[in-house]
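Reader: I am new to this structure. Could you walk me through a few of its features?

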Amino acid sequence: MNAETPQTEPAALEGARRRARPEKKVEITDPKAIRALAHAARLEVISELYSTQVSRTATELAAQTGLTPSAMSYHLRALQKWGIVEPAATAGDARERRWRAAGTDFTINSGGGVASPEFAVLDLELDAFRRRVDAYAKVRDERRKISESTEAPGVVVLSTHLLYLTAAQRSELTAKVFGLLKEYELEDPDQVPEGAERMATMWSMIPDDRK
């Protein structure tokens, strides 16, 4: 089912592709570390730092999550303990520590146990996505009230499919999807092309065991 069909990307953005960087995957396997991630603010931090590859201060991250800078500093130190984030270089006489992702990609792997803690993380990720949807809906409605032009078709995309895949095909599909997403990453995260809008994506694949 496709809610809307995505549109062709403008030619002006063709040059803003694939980030030139060495790949470094951060994989979390320790159940204690996975449980430590089951907090909305920490997942927001991971999403922000790994997706943008731009360093942020605790104050900047706190503003995005609704926490105080001191509370955010606590969460950042907890993520540092598990090797997920790390201090970043500061420019000039910066008074506040900056933080960055400890790698380019982040994965959770607990061995697939039914009661594994990544299911709690999944709930929080879905909640975060719902918050993005709600925030966008409010902004869109406000724009419509003041008669601003609405977005072009395809700005919001929802697609679901049911597939029959072997283990090899699942691995192949996952690699292809991740590879495609990487092609649209900015080469320089600090240089956003004119007219580009920050977009949130979510991709999932799970066995459909309903009988």
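Author: In the largest nonpolar core, which has 21 residues, Leu76 and Ile84 touch the most other members. A nonpolar core is a set of buried Ala, Val, Leu, Ile, Met, Phe, Trp, Tyr and Cys residues joined through side-chain atoms within 4.5 Å; buried means under 20% relative accessible area, exposed over 50%, partly exposed in between (1.4 Å probe, protein chains only). α2 gives the largest share of this core, five residues. Helices (H or I, at least four residues) and strands (E, at least two) are DSSP runs, numbered from the N terminus.

This is a predicted model, where local features need pLDDT of at least 70 and side-chain atom pairs count only at pLDDT 80 or more, while totals for chains, interfaces and linings use all residues. Residues are numbered from 1 along each chain as its sequence is written, and side-chain values use heavy atoms, leaving out hydrogens and water.

Reader: Is Glu48 buried or exposed?

Author: Glu48 counts as buried because its relative accessibility is 3%. Glu48 is part of helix α2, and its side chain makes a polar contact of 2.5 Å with that of Arg198. A polar contact is a pair of N or O atoms within 3.5 Å; within protein, one must be able to donate a hydrogen and the other to accept it, and residues adjacent in sequence count only if both atoms are side-chain atoms.

Reader: What is the phi of Gln53?

Author: Most residues other than glycine have a negative phi. Gln53, however, has a positive phi, near 55 degrees. Gln53 sits in the loop between α2 and β2 (56-57).
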